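I record what I looked up, one topic at a time.

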Amino acid sequence: MSNYITEIDQKCEIAVDDTILIKDVECTAGSRILGGFVPLFDAEAVERIKKAGYGIKGKTNVGEFGLDIIGETSYYGEAQENGNLIGAAADEVKNRKVKAALCVDLNGAPRRAAAVSGQTFIKPTYGTVSRYGVIPCACSGEQIGVMSDSSENTKKFLTIIAGRDDKDGTSLKNDSYDYESKTELSEMNICLIKELLDAADEKVAARIRSVVNFLEKSGAKTEYISVPEVRYAQAAWQILLAAETCNNISRYDGVKFGYRTPDYKDIDELYIKSRTEGLGILSKETLIYGSDVLSKGRYDVCYDKALRVRRVVMDKMKDVFGKYDAVLIPAGSTFEYKKYPLDKAFENVYKESLFTAVSSITGMPAIVSCGVQLVADHLNESKLFEIASKLDLSEVEK
Amino acid sequence: MKYEIVIGLETHVELATESKIFCSCGGHSNQEGPNTCVCPACCGMPGMLPVMNKRAVELAVMAGTMLNCQINKYTTFDKKSYYYPDLPCAYQITQWFHPICTNGCVEVKTASGSRKIGIKQIHMEEDAGKLVHDDWTDTSLVDFNRTSVPLIEIVSRPDFRSKEEVVAYLEMLKSTFRFAGISECEEGAMRCDVNISVRPEGSTELGVRTEIKNMSSLVSISRAIEYETARHIDAIERNTEVLVQETRRWDDIKGRTFSMRNKETAADYRYFPDPNLMPIVIDDEWFESIKAKMPMMAEEKAKIYVEQGISEEDARDLTSERKLCELLDKVAELGTSPKTVAAWILTDCAGILRKNGKVIGELSIKPQKLFDIISMVEKGTITRGAGKKVLAAVIEKDVEPEQYCRENALDAQTDSGLIASIVKKVIEQNQNAVKDYLGGKTKAFQALFGACMKELKGNGDPAVIRAELEKELAGKQ
Ligand SMILES: [Zn+2]
């Protein structure tokens with residue numbers, strides 16, 4: 001299985017996930033239902049990369065709409081390494097086929113891919129990179145991030161794509177961002193969230209311990225704290241993600257673009273058969289769940305409550321960042337994700353989202369480096385890059 | 001038994017913005033051909049994000065202010081989900097949780113008096129596309145020109161008690177919005193859902209309510225209310241059928257309403273806040289700047305015209321079209337009396353348009369040109385008759401008035417020598433009229449005057465002709 005859905009130019013150095021639009025290049029989002037959809041314009045991030053003088057090597061395969069663990073739900077097959085899921089973009093970066101890849105993080109897939117492949121990925125603050133040209137799913141949390149082999153390269157390409165875009169109403173006002181460090185690692189206070197450490201396997205726990213050792217040696221202070229709200233973040237993000245995704249992928253009906261069932265007798269059957277054949281099981285379960293949490297009588301106890309939980313988690317994390325510069329947590333429960341029967345996908349993805357939901361639901365930036373995840377307050381990417389750049393030079397296993 | 005009708009209206013009005021509500025496509029739904037005014041955003045292609053059109057917000061605020069609503073400082077947009085081929089995203093962006101205007105009221109005047117109608121709320125939303133059925137191939141085609149055209153939906157309280165009140169209310173909305181430039185209110189740009197129930201007079205309980213969807217002509221609305229009222233009363237009095245709460249469709253040809261499949265009323269629209277559109281905050285500063293841009297209401301303007309000496313009827317005619325008021329004001333500003341301009345617009349311009357099969361609303365003339373014509377007539381450079389000819393040429397071909405007069409020899413003949421010789425000739429040829437005049441029939445003077453003017457092809461200076469004619473006739477006595 002190739003890592004690319006479409007190869008554009010072998011000589012170029014940047015890969016772009018197939019959930020991001022490139023003009024005149026088919027965009028499938030890993031789904032059969034978008035097969036043959038050719039967009040009419042470049043995503044803003046792609047345009048900025050091109051303007052900066054880089055070319056696009058191709059569209060890397062992703063799990064359907066990017067909803068899964070690491071690409072295992074793609075209609076077009078999945079990327080594996082020694083029987084473990086790795087993710088197409090991470091595989092390309094790891095094998096030095098490209099300098100960097102643009103990936104959409106909506107439920108943590110690129111963060112997990114970076115962790116298992118030992119690469120660096122940053123999901124910046126919500127609103128810093130334009131979502132213009134991203135196949136929409138969970139609009140209130142999804143962000144384009146950068147995957148590369150080092151914090152230095154990640155920073156370089158994030159600087160290129162970040163900045164105000166009037167075509168995205170949620171874009172923040174800053175025209176550009178300065179990610180150079182203002183705080184030295186030696187002056188930082190970093191905390192670890194117990195609830196998340198307890199949920200990861202021994203290999204992940206050991207990696208976290210060696211990172212803690214390094215941080216302490218570098219002069220940073222570390223501390224273990226309890227944040228029970230992480231469980232609420234996981235549940236609330238599931239509701240928001242499913243509801244928004246359900247709403248956004250309702251437009252794929254077999255009429256206007258993408259896949260259309262070959263045989264149908266009327267419009268209802270055209271809709272039903274195209275969607276039945278075109279969507280994978282994880283998307284379907286997400287749709288059912290999303291429809292339910294928005295339905296009459298359920299909205300107040302599900303969706304509206306999830307919005308309020310988002311606020312609670314936001315407040316809690318703001319509190320945490322009042323005392324600490326960054327939070328150190330696992331990126332996932334393990335470094336080895338095996339392929340599994342996809343009727344378990346909805347449940348499995350939910351379990352893994354425990355580690356990524358805090359940053360997804362709050363829009364706070366998260367970086368994955370040396371297999372661990374660091375989260376900072378909104379617009380504090382410079383702190384994350386400072387820590388990751390030191391980790392790059394450390395003895396910690398990648 | 002006597003019955004009371006209880007009616008509430010949901011009125012959709014297309015806003016007169018230059019572009020659609022969330023993309024930069026032209027805002028008008030009446031485009032050349034199908035799908036000529038579309039872009040990836042309003043076609044529902046993934047990757048495009050809605051960007052709020054500020055002008056639409058301003059027009060909604062103006063509408064709310066005119067209907068005496070509370071303008072909410074904090075307003076948000078929500079998604080309403082349903083499948084229909086004319087809805088490209090399978091959701092419509094509307095305002096469900098925090099509409100822009102709430103709690104207004106308007107006065108509605110009918111022959112039986114004046115009553116207050118409550119406005120529950122005004123919210124903004126995007127329009128859907130149109131389905132066109134092609135009988136030849138027996139397929140339905142979809143036209144997205146209208147998708148994302150900005151609308152406001154004005155939801156009244158169930159305060160109407162007669163079809164006359166409904167019609168008066170809608171006419172008032174139409175003229176107010178047209179005059180204020182909020183909506184062109186063209187054919188189809190204002191659509192109404194009518195909620196109707198009937199109850200015995202004096203009862204405080206509401207009867208079974210039916211909703212007649214999507215009507216745009218006032219005549220149809222009035223007929224539909226009449227039909228539906230009779231149907232309800234029949235059902236109550238003679239048990240002709242069991243009334244159920246449902247949505248019905250008006251058939252203009254058959255002259256009756258039909259139950260629509262109950263699918264749509266039973267639908268769960270799964271509203272939720274649109275994460276792609278930030279809440280809109282209308283702070284005092286913005287609100288004041290919108291208010292400052294608001295045009296005067298038609299009634300106030302008419303009052304001012306009456307004070308300026310224009311008749312009440314003319315004032316009403318002028319204020320039916322904002323364009324006419326703007327034209328009049330500009331011409332008057334250049335230095336003519338408003339009353340004179342009003343006459344030129346309502347009599348002469350209207351007459352010329354009528355001859356060409358047009359209505360006064362279609363008048364298009366540069367204020368400076370109208371002013372030039374009026375002042376040439378007032379100064380006596382041309383006669384009023386010649387003025388009308390120039391006016392027609394200006395309206396039809398947009399010519400330059402003075403140049404046109406010169407080229408077509410319309411300048412008034414003031415050469416008293418020439419006029420004197422013509423007067424002599426006319427007197428020669430009309431001895432009978434001269435005799436009549438000398439015999440005391442003063443009307444004969446008019447005939448002689450007319451004959452002179454005819455000789456001068458209508459371009460003679462009336463004052464000079466009159467003077468010459470009087471002098472000549474005096475000599476005969
Ligand atoms: Zn458009």
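**Entry 1**

I began with Glu13(A), which forms a salt bridge with Lys99(A); their closest N and O atoms are 3.1 Å apart. The model I am reading is a predicted one. I then asked where the two partners lie in chain A. Glu13(A) belongs to the loop between β1 (4–7) and β2 (14–17), and Lys99(A) to the loop between α2 (88–94) and β6 (100–105), so the pair ties together parts that are 86 residues apart in sequence. I noted that Glu13(A) is partly exposed, at 31% relative accessibility. Lys99(A) is also recorded as partly exposed, with a relative accessible area of 32%.

**Entry 1. A pair between a helix and a strand**

Next I looked up Glu92(A) and Lys57(A), whose side chains meet in a salt bridge of 3.6 Å, N to O. Glu92(A) sits in helix α2 of chain A and Lys57(A) in strand β3 (residues 56–60) of chain A, so this pair joins parts that are 35 residues apart in sequence.

Asp9(A) is partly exposed at 26% relative accessibility, whereas Lys11(A) is exposed at 71%. Over all chains, I found the count of salt bridges to be 60.

**Entry 2. Where chain A meets chain B**

How many residues of chain A are in contact with chain B? I noted 39 residues of chain A, in contact with 31 residues of chain B. The area buried between the two chains is about 2,700 Å², and carbon and sulfur atoms give 62% of that area. I then looked for salt bridges across this interface, and the rule finds zero. Polar contacts do occur there: the count is ten residue pairs between chain A and chain B.

I next asked which helices of chain A take part. Helices α7 (229–248), α8 (267–278), α9 (281–294) and α10 (303–323) of chain A each supply at least two residues of the side that touches chain B. The largest share, five residues, comes from α7(A). By class, I recorded 20 nonpolar, nine polar and ten charged residues on this side of chain A.

Key. Residues numbered from 1 in each chain as written. Chains lettered and ligands numbered in written order. Predicted model: local features only at pLDDT ≥ 70, side-chain atom pairs only at ≥ 80, totals over all residues. Heavy atoms only, no water. Contact = heavy atoms within 4.5 Å. Buried area = accessible area lost by both parts, 1.4 Å probe. Salt bridge = Lys/Arg side-chain N within 4 Å of Asp/Glu carboxyl O. Polar contact = N/O pair within 3.5 Å; in protein donor to acceptor, adjacent residues only side chain to side chain. Helix = DSSP H or I, 4+ residues; strand = E, 2+ residues; numbered from the N terminus. Nonpolar A, V, L, I, M, F, W, Y, C, P; charged D, E, K, R; others polar. Buried < 20%, exposed > 50% of the residue type's maximum accessible area, 1.4 Å probe, protein only.
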